[in-house]
Amino acid sequence: MDFSSIPAALPALWDGLQTTLQLLVLGVLGGVLLGTLLAMMRLAHNRLVANLAALYVNYFRSIPLLLVITWFYFAVPFALREITGEDTPVGAFASCLVAFVMFEAAYFCEIVRAGIQAIPKGQMSAAQALGMTYGQSMRLIVLPQAFRKMTPLLLQQSIILFQDTSLVYSVGLIDFLNAARSRGDIVGQPHEFLIVAGLVYFVVSFAASQLVKRLQKRLAV
Amino acid sequence: MISIQNVSKWYGDFQVLGDCTTQVQKGEVVVVCGPSGSGKSTLIKCVNSLEPFQQGDIVVDGTSLADPKTDLPKLRARVGMVFQHFELFPHLTVTENLTLAQVKVLGRGKAEATEKGLALLERVGLKAHAHKHPGQLSGGQQQRVAIARALAMDPVVMLFDEPTSALDPEMVNEVLDVMVQLAQEGMTMMCVTHEMGFARKVANRVIFMDRGSIVEDCAKEEFFGDVSARSERARQFLAKILQH
C-alpha cells in the first residue's frame, strides 16, 4: 500500500466532492419540493389527481436509479429538442440532477404524505374554522408541523442519496468517487484511492446518521 | 342569526342528521345536548360548513351555506369555533396562535393584531403566558386561549363543540366562567355541552338531540321545569346526567 500520491490529488478529489455535494443539495431541495407537491396530490379529494400522483410514485419506486440516470441522460436533450426545436446541450450534470429530483421525489413524497397524515385532522379544521383557505391551512399550519416530525426521515433519505450520487459515473460525470477512481488509475494506485474514497463516504454518512439519531431524540421530547 | 332548515346528512347509507330545523336569534344562547352519537357535534360543525350536508340549508347572518357560490372561508372567519380538543397550533406561541388568522385572513397589521390578541388574553386571565407554546399550558388554559383565538376574529356568533369534555374536572369551571361572561355580554352562542349547570345559568333555549334528530327544542325554563312533559328519551337522559 502506498498512499503517497493522495496529497497531490486532493484538489481533484475536492472538485469531485463538490460535484457530489452540489448534486446532493440540489437533488434534496428539488426532490422535497416535488415530493411535497406529489404528496398533496396523493391526498387530494380528486381521484384523478390522486391516482396520477400514485402512478408516478409507484413507477419511480419500481425501477432502478441507475436506469433513471442513463435514461434521462438520453431523454432530457431529446425532450428539449422536441420542445425548443433546436439542439440544446444540457450536459451530464443537469440531466443527472433532473434524474435525482424526479427519482427522489417519489420517496420524499411518501415521507411527506406520512408526515401530513400524522397531524391530527382537528388542526386542519381549526385553521379552516378561523377562515383560512385549504392552501393557507396546509402552508401555515399542517406542513410546518409535518416537516418538523419528518426531519429525521428526510435526512435519512438524504444520506442514501449522498451514496447514490456515485451512480453518475455511468454517464461520465466526475463526482467524488469517479474522481478518486480516475486519479487512482492515472497514478497506478487504484486500490489506495478507492480505500480513501470509501473512508470519506463512511465518515460523512456515519457522522450524518449520528446527527439524525441525536435529532430524533430531541424531537421526540 | 343562524337558521337551520330541514338539514339531513348521510355517511354512505347511515343517516347522521335527519331533518333538523331550528334557529338561533341574535344574542341568544342555545345549548345542544344529547347522548353520544346523537349528531349534536355533527350539527354544530355543519353550521360553519366544516361538515358538508346533503339536504336542507343553513343560513348564517344572511349567508346561505347550501349556495355553491358562498365563499366558505370568508363565512367561517365570522363564525368563532371552539373545539373539544382545543386544537391550538402547537408549533406557534400563544400570541402567534391569536394573531395568525387576524393577519392572514382579516389582513390586520401585526401590531394591531398583537394588541387585540393580548387584550383578549388578559380577558381570559392568561396574559402572563403570551410567549409560551400551547404544550406548556394546562388543558383549561389551552381552552381559554382557544376561546380568545376565536374572539380575536370579532365573530358574529360563537360555536362551542363540547368545550369542557376533554378537561380534568377541576379545570372545567375556569372555562365555563369565560363562557358565562361571554354570554352575559350578549354574544350569540351555540354550545354543545353536557354542563347542565351552565345551561341553567345562561341558556335561553335547550335543544335535545337523539339519533340525528332534534327531539326537544324549548326555552330553558320549560326544559328544566316540568320534566314529566319531556319526551321519554329526554327524561332518561336527564335522569342519568342529573343523578349525581
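The model is predicted, so local features need pLDDT of at least 70 and side-chain atom pairs count only at pLDDT 80 or more, while totals for chains, interfaces and linings use all residues. Residues are numbered from 1 along each chain as its sequence is written, chains are lettered from A and ligands numbered from 1 in the order in which they are written, and side-chain values use heavy atoms, without hydrogens and water.

**Exercise 1.** Describe the secondary structure of chain A.

Step 1. Chain A has eight helices and zero strands, where helices (H or I, at least four residues) and strands (E, at least two) are DSSP runs numbered from the N terminus.

Step 2. An unreviewed UniProt entry places "domain: ABC transmembrane type-1" at residues 17–212 of chain A; such annotations may be inferred rather than shown by experiment.

Step 3. Residues 17–212 of chain A are 83% helix and 0% strand, with end C-alpha atoms 22 Å apart.

**Exercise 2.** Characterise the interface of the two domains of chain B.

Step 1. Domain 1 of chain B covers 1–78 + 162–229 and domain 2 covers 85–155, bounds that come from an automatic or database domain assignment.

Step 2. Domain 1 of chain B gives 14 residues to the contact and domain 2 of chain B gives 15 residues, contact meaning heavy atoms within 4.5 Å.

Step 3. The two domains of chain B bury about 1,200 Å² between them, 68% of it on carbon and sulfur atoms; buried area is the accessible area (1.4 Å probe) that two parts lose on being put together, summed over both.

Step 4. Of the area that domain 1 of chain B buries against domain 2 of chain B, Ala77(B), Glu174(B) and Val178(B) supply 33%, more than any other three residues.

Step 5. The rule finds two salt bridges across this interface of chain B, each a side-chain nitrogen of Lys or Arg within 4 Å of a carboxyl oxygen of Asp or Glu. Arg123(B) forms a salt bridge with Glu185(B), with the closest N and O atoms 2.6 Å apart.

**Exercise 3.** Which helices of chain A each supply at least two residues of the side that touches chain B?

Step 1. The contact joins 17 residues of chain A to 20 residues of chain B.

Step 2. Chain A and chain B bury about 1,600 Å² between them, 69% of it from carbon and sulfur atoms, and the count of salt bridges between them is zero.

Step 3. The helices are helix 5 (121–129) and helix 6 (134–164) of chain A. Helix 5 of chain A gives the largest share, seven residues.
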